[in-house]
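Biologist: Could you take me through one part of this model slowly, looking closely at how its strands are arranged and what lies against them? I would like a single connected account that I can follow on the structure.

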Amino acid sequence: MQKTVFVLNGPNLNLLGTREPQVYGAQTLADVEQLCAQACARHGLQLRFHQSNHEGQLIDWIHEAGQLHARGALAGVILNAGAYTHTSIALMDAIKGTGVALLELHISNVFAREAFRHHSYLSPVARAVMCGFGVQGYVLAVEAVAQW
Ligand code: DQA
């Protein structure tokens, strides 16, 4: 059975390419989607790639991933929750409640930045955490999830 990878992006990631390029690089979210699509194709995985500025929408996608997980059809979820990483108990509960295998991803090295970015509500319920690889991190994340 072909398994699905969800790649979910939270607030402000639609601005990639123009948002603080010295931190996040020059590539756009469309470029990131293409990188993920190529990586998924290499591993025979189906890709669901989404971005939302709204917490509830991200939760709804995690619930959808949870339904695939329950059917054995989910490879994993790669989540860059943006600033919700540092604030959202609701996202943490969604990950915990669905039981999805989740890789928490950040483009920047959050530990080299402001102290408020050092705490994540998601890390304790994530299977893996990655940060600081730039947008290439998404490719590495797909490679990792393909082994799960
Ligand atoms: C981010 C890091 C977060 O602290 C920040 O709020 C983001 C992006 C990253 O990809 O490096 O929006 O998740």
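Modeller: In this predicted model, strand β3, which covers residues 74–80, and strand β4, which covers residues 102–106, pair in the parallel sense over three bridges. Across this pairing, isoleucine 78 stands opposite leucine 103 in β4.

These two strands belong to an open sheet of five strands, and if you follow the order β2-β1-β3-β4-β5 you will find that the pairing is parallel. At the edges of the sheet are β2 (46–51) and β5 (128–131), each of which pairs on one side only. Neighbouring strands of the sheet are turned against each other by 15 degrees on average, with direction ignored. Helix α3, made of residues 55–70, packs on this sheet and touches β1 (4–9), β2 and β3, while the direction of the helix makes about 170 degrees with that of β1.

Now turn to alanine 141, which lies in helix α5 (residues 136–146). Not counting residues up to four places away in sequence, alanine 141 touches Ile78, Leu103, Leu105 and Met130, and among these are the two residues that stand opposite each other in the pairing described above, isoleucine 78 and leucine 103. Alanine 141 counts as buried because its relative accessible area is 0%, and buried means under 20%. Finally, alanine 141 and valine 129 are twelve residues apart in sequence, and their C-alpha atoms are 9.3 Å apart in space.

How values were computed. Residues numbered from 1 in each chain as written. Predicted model: local features only at pLDDT ≥ 70, side-chain atom pairs only at ≥ 80, totals over all residues. Heavy atoms only, no water. Pairing = 2+ DSSP bridges. Helix = DSSP H or I, 4+ residues; strand = E, 2+ residues; numbered from the N terminus. Axes fitted to C-alpha atoms, helices over the stretch in contact; angles between N-to-C directions. Contact = heavy atoms within 4.5 Å. Buried < 20%, exposed > 50% of the residue type's maximum accessible area, 1.4 Å probe, protein only.
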